[in-house]
Amino acid sequence: MKKIWLIFKYEYVRRVKTRGFIFAVLSMPLLVVLAMVMAVISVSLQTSKLPAGYVDLSGNFANASTQAAAANLIGDIDLITFSDVSAGQDALAEEQIQALFVIQPDYMQTGAIIAYANERPGDNAYERIQDFLQSNLLAGEDAQVRERITRGSNITVRSLDGSRQASMRDWFVVLYPFLTGLIFIIVINISGGYLLQSVVDEKENRTMEVIITSVSPEQLMTGKILGNLSVGLTQLLIWLLFAAIGLAGMQMIYRANFVPSLTPDQIALFVGLILPGFILIAALMTLVGVSVTDMREAQQVSLLFTLPMVAPYWFAGALLQHPNHPLSVIMSLFPLTAVVSMPMRISIASVPLWQILSAYVLTWVSALAALKLAARGFRRGMLQYQHRIRLNEILKGKTHE
Amino acid sequence: MQVVQVENITKSFGNVRAVNGVSFTVESGEILGLIGPNGAGKTTTIRMLLDIFKPDSGSVAVLGGPMDESKKNRVGYLPEERGLYQDISLEKCLVYLASIKGMPAALTEERLTDYLQRFDLTEYRKRKVKDLSKGMQQKAQIITTFIHQPQLVIVDEPFSALDPLNTQMVKDLLREERARGTAIIMSTHQMNQAEELCDRILLVDKGRIMLSGPIDQIRRQFARPEILIKSSAPLPANIPGIQHIEIENHHQRAFLEPGASPQAVLNEIIQRGVLLDQFEVAQPTLDEIFIQVVTGGGTQA
């Protein structure tokens, strides 16, 4: 165990200390912050701090309150009442207001409003007049009714057998399966790339021959897989940490619940599919690394299993439209596609328990078989510098061990 | 104490038999030279000793039994091809390789400082390995082989890329280790180095042992009826026992008649008043023996 730890530590530290890793880790949060800053700038450019004005020709809002019912997220503005259209237009001409909304006499029948503006009014002007109309039309109603109509309904989708349900407002429940698939792809691409590089480099620079006189090939392989997988997970954790900080910040500002919590089903999905998925791909990457002669060839060969991994996204339309179609079922059972397909299906359909359990079992069995094959391939291919090792050589390679 | 005991090992790759019935032993405090042409089976034999390959048949005992993980810390290996991490500093590389040999950090630091000083690498300690010359990398590789003071050391072409000064340093190190009781197997193509350092040699060709034993014994076994003579004047003709004489660069080579005694020839030359600078019974060099054996003129051990 100590030697596995030493290899793990070496692999991990050498990767996380590289400029490439630090850049990759920081680039995502920086991009998010940059995108947010750009969004804020864009919104601020599209909004005006000038008040909005209105003229009520319908007579329904004669004694209406112009106080805003709710805080506007993109900037509060005042709403000014004008007695007639020309007074409002004068104020608009003198740029005292950004827009003049004229509520038409037949508003209650048609909802007609004419807006006057020198240039396109900001979104806050539209939201302000909408808020004014809604709150005043509902002024005579009970507070609970006002609240319900303003905030809308909370629809929960539930399967017939009651095995699954999701609230339209619980965004995390809906997004979790997609997020897990996406996270899997990101982490395995980062870790797998590092792992492949590590194995090919050691084979190319002949370090492997020295290392295996100190540790067993299995110890070397395990340390490498764990070390490089941890690099990808570290990157992911840092991103998630930034995301959590961002969500917590949004929660404080908007007083709404943005921070999700994990359910046992979601944890089962991680342990049953994502974890063996990592092991499966890592073992296959190792196998490729020791079987080929250089990095270019390694990258080409590794496409054989990285492409199936992302294939469910190509068929996302079909999977989401027909989650119980035989193709969807097959993709959610086949180990290389199950990690992404099964969560997709679970998010929108009631998947039979036997299929979920089968996917778990098949992925775990494949992962363990791939590990065993990788260990054998590692012994067989680690000192083969001149030619690529074929799969049948690994399968029949006992005489070389 | 017997450190290595190899009995009748064979190893095939597909239809090619790389090693065929090889047996030998190595004692502590001994340097065994493993020599042979390219593709003779030396590296395969070494890899079987190190448990990288398993023999198809026969047995390998290292440090008292089959090679296992617990014994790896007591073995040092210098492969023919350099095997160092290129993108990290020399210090980091050597510390890591020592750590997986089970060396405590403090002891590694202490020995590393000594070794770097001994091999004139102290000032390159923080340099990336890829920035070092081939010779420096070879010395670094030698440090990784010996830093944990192994009981068995296997070195494959230890002098490659080294200049005469560094070659001497490595020879001194090998002799010191032998004196400390380390069993050393040295695989090399440089016969003069083998001749100088090895107590015994094992000449393999086509997977078989062609010749083995102490070097002096082997040279006597291959000794020819020839005498090398260096004298102030050419030798007189008709010396009894001498068939004919050939003049070479710095000496004369006298070919003896069958059954003639070198001692009798020497007495005759002295009696004839020739002043001698050198009189030597010509023994073949290891190079000559190697060529003779490999080209089919030798005997199998």
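Domain bounds here come from an automatic or database domain assignment. In this predicted model, chain B is assigned a domain 1 built from two stretches, 2–88 and 138–219, and a domain 2 covering 224–282. Taken over C-alpha atoms, the centres of domain 1 of chain B and domain 2 of chain B lie 40 Å apart.

A handy residue to look at in chain B is B:Val4, which sits in strand S1 (residues 2–13). B:Val4 counts as buried because 22 other C-beta atoms lie within 10 Å, where the cut-off for a buried residue is 20 or more. The C-alpha atom of B:Val4 is 9.9 Å from that of B:Ile184, although 180 residues separate the two along the chain.

Turning to chain A, helix H10 (residues 264–291) and helix H11 (residues 295–314) have axes that come within 9 Å and cross at roughly 160°. Angles over 145 degrees count as roughly antiparallel, so H10(A) is roughly antiparallel to H11(A). The crossing of H10(A) past H11(A) is right-handed.

Further along chain A comes helix H14 (residues 335–348), whose 14 residues should span 20 Å at 1.5 Å a residue; the end C-alpha atoms are 20 Å apart, in agreement with that expectation. Most of H14(A) is covered, with 13 of its 14 residues buried. As a reminder for reading such a helix, an α-helix has 3.6 residues a turn, so residues three or four places apart point the same way.

How values were computed. Residues are numbered from 1 along each chain as its sequence is written. Chains are lettered from A and ligands numbered from 1 in the order in which they are written. This is a predicted model: local features need pLDDT of at least 70, side-chain atom pairs count only at pLDDT 80 or more; totals for chains, interfaces and linings use all residues. Helices (H or I, at least four residues) and strands (E, at least two) are DSSP runs, numbered from the N terminus. The expected span of a helix is 1.5 Å times one less than its number of residues. A residue is buried if 20 or more other C-beta atoms lie within 10 Å of its own, exposed if 12 or fewer, and partly exposed in between; C-beta atoms are placed from the backbone. Axes are lines fitted to C-alpha atoms, for helices over the stretch in contact, and angles run from 0 to 180 degrees between N-to-C directions. Angles under 35 degrees count as roughly parallel, over 145 as roughly antiparallel, 65 to 115 as roughly perpendicular and the rest as oblique. A crossing is left-handed if the near helix is turned anticlockwise from the far one by less than a right angle, and right-handed if clockwise.
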